[in-house]
Amino acid sequence: MRAALIQLRVSSGEVPAQRWMRVERMLSQLMGQCVDLILLPELWSVGFSNFAQYREAAEPLHGTTLLRLAPWARKLEAHIMTGSFVERCGSQYYNTSALLDSRGILTGTYRKIHLFGYDSQERQLLTAGSQTSEVLTSYGVAGMATCYDLRFPEQFRRMVSRSAEMFLVCAAWPKARAEDWELLCRARALENQSFLLACNTCGTCGGVEGGGHSMIVSPEGKILAQAGETEQVLVADIDLSETANFRARFPALRDRVCMS
Ligand SMILES: NC(=O)CCC(=O)C(=O)O
């Protein structure tokens, strides 16, 4: 499987339309590259730290993000994990990401469970999701998660218990905690013997510098590909049979003991 992570620069000085233009340009550059799965970061259109814009930027589930990305999924014949957007549902607002299949059909959604309360208004403005998300794709079962969720191993273990074989993570993780980012991405992959694809932002939004370093981690916890600190598309080939092979060779997941 060939994956492409669109590490987008999200800066306060820009309007979402400018980011959309760059995203669509990067998607058009993927034409002919036989990419199977594309990921975008967390709240890339509004900007994670642009809290004052959340309400105005909110959209229904089948809103702008899905409507604009679905034709790209069809054109590129690739799954697209849309990154997250502010979803409006009745009077509630969520940090929601979606997975489109290569026909542009919505196959999975995830509402961020762990909202970030430190130095952030996310927890005041949004409602937390309550369900993990495991989506059956043509490449296996994908578990979806968002940024701060990386600090909660029980969420990833639950997804593995529900058959996840790889994790798709969108993020707006700051440079200030870059070491945590790498450590947590590798730990969640290794302890769950699963591929982990994590797509981050870069640029400075609301005074917070995005850390970049989007990465693809193997089920053995090794970084297979990693972006730098600037805007770029990270493309890498992944051998998904490694998951089953490693789980059979070193069957730690079979030795789980129920602690509750
Ligand atoms: N967008 C986020 O969830 C930020 C998380 C973060 O900065 C951290 O966990 O540290």
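Predicted model: local features only at pLDDT ≥ 70, side-chain atom pairs only at ≥ 80, totals over all residues.
Student: To begin, how many helices and strands does the protein have?
Tutor: The protein has seven helices and 14 strands.

Student: And what box do the C-alpha atoms fill?
Tutor: Taken along the principal axes, the box is roughly 50 × 45 × 35 Å.

Student: What radius of gyration does the protein have, and what would a compact globule have?
Tutor: The protein has 17 Å. A compact globule with 260 residues would have a value near 18 Å, so the two agree.

Student: Turning to the ligand, which pocket does its space correspond to?
Tutor: The ligand takes up the space of the largest pocket.

Student: Which residues surround the ligand?
Tutor: The surrounding residues are E42, F48, K112, F116, C147, Y148, R151, A172, W173, P174 and R177.

Student: What lies 2.9 Å from an N or O atom in the side chain of E42?
Tutor: That is a nitrogen atom of the ligand.

Student: What about R177: which ligand atom is 2.6 Å from an N or O atom in its side chain?
Tutor: For R177, the ligand atom is an oxygen.

Student: How much of the ligand does the protein bury?
Tutor: The ligand taken alone exposes 300 Å², and the protein buries 99% of that area.

Terms used. Residues numbered from 1 in each chain as written. Heavy atoms only, no water. Near = heavy atom within 4 Å. Polar contact = N/O pair within 3.5 Å; in protein donor to acceptor, adjacent residues only side chain to side chain. Areas by Shrake-Rupley, 256 points an atom, 1.4 Å probe, with all protein chains shown as cover. 1 Å grid on protein atoms, 1.4 Å probe; cavity = no way out; pocket = protein on both sides within 12 Å on 5 of 7 lines; lining within 4 Å. Sits in = over half its atoms within 2 Å of the grid points. Helix = DSSP H or I, 4+ residues; strand = E, 2+ residues; numbered from the N terminus. Rg over C-alpha atoms; globule rule 2.2 N^0.38 Å.
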